[in-house]
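Here is a short briefing to read alongside the model.

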Amino acid sequence: MSIRSRLRHFPLWVAAVFLYDATILVAELMLSVYAFALRPRLRRQQMGKLRSIARLFGTRAHQQCYWFHAASLGEVKLAEALAEKVRQQDARLDVVITTVTESGYSYAASRPRAFDTALYYPPDLSMLLRRFISNFRPRVLVIIESDFWPNQIRQTASQGIPILVANGRLSETSARHYERLAGLGQRLLSRLDFVYAQNDEFAQRFMRAGVAAQRIAVCGNLKFSSGAVELPSENLAATRRKWQVSSQAITITFGSVHLAEMPELANAIRYVHSVFHGIEFIIVPRHPELFQDLRTFRRQGLFGYERLSPTQSGTSSLVPVSFVRQTGILKELYSVSDIGFVGGTFCEVNGHNLIEPGLCGIPVLFGPNTKEQQVLRQAVLAHEAGHQVLNGLQLGKTLQRYLEDATLYTRTCDNAKRMVQALAGVSDKLVHDILQQRPVEVENLAGNF
């Protein structure tokens, strides 16, 4: 047979896998060189990947596990809620989570009640994914939202391991990309066993991307699944003592804040401080490592200090603002606050979990950029559980309205609680389905890339 004839009969998926593996390998090598030479933050992430790879060649697991995969911190928190419910009903099997970001890994590693093993997701190479599956022997893979890796899906499905997508969402751009990949993208997502989509729009996009309609269900947003945070009075008092938050003072917490939105937040804080005195302002950065020198915020009129450090009074011209540079504590701080702002909405990040303050029964405020959180934005506004503002000055004036109008404040808090009650509990069916999954015998699915 001639070379041309052999090439004509050469399976397209084999070439695609080879080219994909080669691309991932080169990209990882280049990223490692860049990280170790110039970027300490990326360096820690790359070191985490190397430790994960070393773990793959360690002792093989004695039993199966539930495998959760989440891209970053927000998705890891959703996985935590699901994992805890799974463990309540089946404590025999371990729970393993893989994640991509440093913040996601740090949070997962600090949650032993939910996860037995937390790992950085290794480079998406065929050999490494085969080794991962052989080592950890997952009973089911649960992907949170939309972090799809070709070899992860291909190798998992080829072993007959069910793949579920929890809180599934797919952007219009991603749906078009899957459609354009000459059938390879659609063939990839067709191997998902079931997708629990957030809404009808996302469900339609998954169908366009190759998932059969009978394998998709619209189940709402799992970010509501934990329900309202109602701490017993003794726990609430302990949380206040822990963070030195007085029950007599008004506390406003700005959560998941990015550096790029600090000028707008500074405008809001200065405005509120000019009208009211004695307000406590707390800022919780999304990436604490980027908020190293708090003195830089003096140029924005803020006297930044580390919360729980010796009491700081600032100066007559600067507004005292405390920073909490930790991850995984935002819900605690919202629970002892009077108003919550959700960051990532005054910059191009396009938002984080917009209903998190609402889970604690307080008004939800956020900026104009919510492209990635449209479902939650609509929920907050439809239930009148908070407000969306355009800039820092409008944020300051909206805060002023809540502080001056007790009726508005009380009504918004009640609406936030009703919103959570109306939308909670959507994870029960998913947990049941995770527990019911069983790997199946598969002879050869390699051709279905």
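In which helix is the place of phenylalanine 36? Phenylalanine 36 sits in helix α2, which covers residues 12-38; helices here are DSSP runs of H or I with at least four residues, strands are runs of E with at least two, and both are numbered from the N terminus. Please keep in mind that this is a predicted model, in which local features need pLDDT of at least 70, side-chain atom pairs count only at pLDDT 80 or more, and totals for chains, interfaces and linings use all residues. Residues are numbered from 1 along each chain as its sequence is written, and side-chain values use heavy atoms, with hydrogens and water left out.

**Surface patch**
- Phe36, Met47 and Leu50 make up a nonpolar surface patch with about 260 Å² of accessible area together (Shrake-Rupley method, 1.4 Å probe, with only the protein chains shown counting as cover for residues).
- Patches take residues with over 30% relative accessible area and no salt bridge, joining like charges within 9 Å and nonpolar side chains (Val, Leu, Ile, Met, Phe, Trp, Tyr) within 5 Å.
- Phenylalanine 36 is partly exposed at a relative accessible area of 38%, where buried means under 20%, exposed over 50% and partly exposed in between (1.4 Å probe, protein chains only).

**Helix α3**
- Helix α3 has 17 residues (40-56) and should span 24 Å at 1.5 Å a residue, which agrees with the 25 Å between its end C-alpha atoms; the expected span is 1.5 Å times one less than the number of residues.
- The buried residues of α3 are Leu42, Gln45, Gln46, Gly48, Lys49, Ser52 and Leu56.
- Viewed down the axis of α3, its buried residues fall within an arc of 150°, so they line one face of the helix; the arc is that of the directions from the helix axis to the C-beta atoms.
- An α-helix has 3.6 residues a turn, so residues three or four places apart point the same way.

**Salt bridges**
- There are 16 salt bridges in the structure, each a side-chain nitrogen of Lys or Arg within 4 Å of a carboxyl oxygen of Asp or Glu.
- One of them pairs lysine 77 with glutamate 356 at 3.8 Å, N to O.
- This pair links distant parts of the chain, 279 residues apart: lysine 77 in helix α4 (residues 73-89) and glutamate 356 in helix α14 (residues 356-359).
- Glutamate 356 is buried at 7% relative accessible area, whereas lysine 77 is partly exposed at 22%.
- Glutamate 172 meets arginine 205 at 3.4 Å, N to O, and arginine 208 at 2.9 Å, N to O.
- Salt bridges with shared partners join Glu172, Arg176, Glu179, Glu201, Arg205 and Arg208 into one network.
- Arginine 205 is buried at 12% relative accessibility, while arginine 208 is partly exposed at 29%.

**Backbone and cysteines**
- Arginine 137 has a positive phi of about 50° although it is not a glycine, and it lies in the loop between α6 (126-136) and β4 (138-144).
- Glutamate 384, also not a glycine, has a positive phi of about 55° and lies in the loop between α15 (374-382) and β14 (386-388).
- Most residues other than glycine have a negative phi.
- The structure holds zero disulfides, taking a disulfide as a pair of cysteine sulfur atoms within 2.5 Å.
- Cysteine 347 is buried at 7% relative accessible area, and cysteine 360 is buried at 13%.
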